Amino acid sequence: MSEYQAGPYLSQIELPEDLRDKFDIEQLPQVSDELRQYIVDVISEIGNSHFGASLGVVELSVALHYVYNTPKDQLVWDVGHQAYGHKILTGRRNVFHTNRIKGGISGFPKRSESEYDTFGVGHSSTSISGALGMAVANAYKGDDRRHVAVIGDGSMTAGLAFEGLNHAGSIEDMNLLVILNDNCMSIDPNVGALKEYLTDITTSHTYNKVKDEVWGMLGKVSKFGPNAQTIASKISNALKGTLLKHSNYFESLNFRYFGPADGHDTIGLVKIMEDLKDIPGPKILHVVTTKGKGYKPAEEGNATQWHAPGIFNKDTGEIIKVIPDSPQPPKFQEVFGHTIVELAEKNEKIMGITPAMPTGSSLNIMMKAMPDRAFDVGIAEQHAVTFSAGLATQGMVPFCNIYSSFMQRAYDQVVHDVALQNLNVVFCLDRGGLVGADGATHHGVFDLAYMRSIPNMIVSSPMDESELRNLMYTAQLPDKGPFSIRYPRGKGVMPKWKTPMKEIKVGTGRKVSNGSDIAFLTIGPIGTYTQKAIEQLKGKGISAAHYDMRFVKPLDEVLLHEVFSKFEKVITVEDGCLMGGMGSAILEFMAEHDYHAKMVRLGVPDKFIHHGTQDELYHECFYDVEAQVLSAEKLMEGIIFSASSLVG
């Protein structure tokens with residue numbers, strides 16, 4: 001049971017049917033206040049969670065579960081950062097304090113966790129397509145369920161959202177409501193023409209004055225009785241077409257547009273949604289909300305910081321930061337952010353691109369220093385890659401910074417628009433490997449495998465901050481072609497990281513330490529764990545050499561010939577999938593050259609890994625320090641095993 005105390009109304013709600021059965025509409029604002037306070041109470045103490053987004057949709061969450069017969073009626077939350085209120089109202093209040101903790105509930109809606117989580121999410125802009133698929137399937141089966149997709153204005157900028165709207169608008173009798181949660185934010189402030197368009201609608205004095213007058217008039221005309229607001233909805237909808245003179249983006253896609261509505265008026269939202277239930281066809285309700293609503297420090301502070309603030313004092317709003325006793329190494333993203341500015345100061349061809357993650361990637365440093373050479377293109381990974389390709393055709397050197405798991409969304413563009421044309425685009429893949437609490441939707445474990453399969457692509461990963469700087473320097477030199485550099489979430493190992501940069505010959509690894517009994521081959525910062533394992537093995541009388549491959553493609557064949565000529569026992573270690581990764585590449589080399597070493601591959605097994613801390617997940621996947629030591633001991637005893645077989 002949870003140690004956190006819910007308010008008198010919220011404590012009565014275990015499932016949405018309690019909300020619908022026990023409370024009148026006039027009591028819903030109090031339910032909303034208690035729900036918001038519960039989120040603040042829990043997240044302020046456990047940290048490690050998203051925050052502002054869920055506060056912004058508290059009233060919307062209450063209204064949705066009050067109006068719709070969930071779980072029969074199906075709600076799809078886009079991304080899922082905002083779904084904490086939904087989780088608390090759907091049977092998970094007493095375990096909410098385990099949010100994003102290993103063995104606890106997921107930070108995102110997850111189908112295996114609850115029947116109320118109708119579609120697994122984590123990446124943006126999937127809700128409309130997913131909800132439309134549900135609606136089409138249920139219409140085919142003759143099921144009268146209703147379907148609602150809740151999507152933010154940031155997610156609406158992605159091409160997938162448009163594709164879903166375009167298809168849904170072509171099905172006139174489709175029972176689908178799209179709720180556009182407009183708070184002018186994704187994680188960082190939104191950019192682009194759609195943001196400006198939504199602002200124009202929201203602030204149109206002419207439209208809003210007429211809309212308010214019509215709603216007020218019809219709400220007072222008793223002869224319309226209970227149908228007053230339904231009629232008002234229809235007339236208000238007609239007014240939009242007149243006032244906006246066919247300029248309404250959503251109307252042009254055959255969606256009936258309603259709004260903008262106050263997203264923090266629970267009673268008003270309930271009344272509007274009750275009306276919309278009876279209006280056929282695809283509809284969009286535009287609600288205006290404030291990220292962090294109801295918690296003053298989040299409302300008035302840095303919205304990006306309050307997206308996921310960590311532990312904080314709920315009374316003062318002070319974010320609790322642990323101050324270390326000694327200088328700490330920077331995050332890899334910070335090394336990237338400062339290094340690209342250094343390089344760009346000397347190479348005027350360098351440009352920076354990110355899809356809606358300027359702070360998360362630290363490209364905001366370049367955006368501030370060189371605003372004409374750094375671009376946030378919104379949540380649009382496919383566009384980011386092809387835009388970068390266009391820059392490269394004109395002699396620019398674009399550094400396209402995308403989280404590894406998000407790059408999966410732009411794979412065709414990497415293949416067709418960059419690699420096929422052999423363009424010098426530098427892909428900086430942040431959050432490579434197991435990322436921790438975000439879980440399976442965000443782990444960046446596939447990039448080494450999917451990048452190494454592409455012709456012309458150079459695939460690399462630095463072991464430390466100095467190596468990251470050297471790889472970035474190398475990638476911007478002439479005639480390098482497509483170049484992928486992946487690095488993990490979190491800190492490196494070098495407090496004094498700002499080392500002079502030098503070129504690394506593409507396809508060359510390095511020997512980190514000598515040994516005579518066994519060889520470790522690693523890629524990326526997981527090699528620092530190997531160094532610790534080797535120290536422990538020394539105490540056990542085992543001498544292990546360590547080779548940092550640096551490149552998965554092209555492989556350093558000179559180094560590999562040295563390894564397999566000298567060692568009969570080899571362990572590969574990677575913070576990525578075993579299927580097709582670095583270990584697979586080395587097995588291929590070994591087979592092609594008729595070497596017969598006894599080899600064990602350590603890495604992420606062929607399964608989706610759930611959430612936990614990075615160290616917990618390294619242990620679960622059997623490639624932390626302890627696992628590397630145990631693997632070496634077994635191999636020295638002549639025991640050949642598959643590491644993936646040891647992962648439960």
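Student: Start with charge. How many positive and negative side chains does the protein chain have?
Tutor: The protein chain has 61 positive and 77 negative side chains. Lys and Arg count as positive, Asp and Glu as negative, and His and the chain ends are left out. The centres of the two sets lie 1 Å apart. Each charge is placed at NZ of Lys, CZ of Arg, CG of Asp or CD of Glu.

Student: What should I know about the model itself?
Tutor: This is a predicted model: local features need pLDDT of at least 70, side-chain atom pairs count only at pLDDT 80 or more, and totals for chains, interfaces and linings use all residues. Residues are numbered from 1 along each chain as its sequence is written, and side-chain values use heavy atoms, with hydrogens and water left out.

Student: How many helices and strands?
Tutor: There are 25 helices and 17 strands in the protein chain. These are DSSP runs numbered from the N terminus: helices are H or I with at least four residues, strands E with at least two.

Student: And how much of the chain is buried?
Tutor: Of its 648 residues, 60% count as buried. Buried means under 20% relative accessible area, with a 1.4 Å probe and protein chains only.

Student: Let's zoom in. Which residues of α18 are buried?
Tutor: Helix α18 covers residues 411-419, and Gln413, Val414, Asp417, Val418 and Ala419 are buried there. Seen down the axis of α18, they fall within an arc of 155°, so they line one face of the helix. The arc is that of the directions from the helix axis to the C-beta atoms.

Student: What do the buried residues of α18 pack against?
Tutor: They pack against α16 (381-393), α17 (404-407), β9 (426-430) and α19 (447-452). Contact here means heavy atoms within 4.5 Å.

Student: Switching to Val42. Buried or exposed?
Tutor: Val42 is buried, with a relative accessible area of 1%. Val42 lies in helix α2, residues 28-46.

Student: Which residues is Val42 in contact with, leaving aside neighbours within four places in sequence?
Tutor: Val42 is then in contact with Tyr4, Phe96 and His97.

Conventions
Buried means under 20% relative accessible area, exposed over 50%, partly exposed in between (1.4 Å probe, protein chains only).
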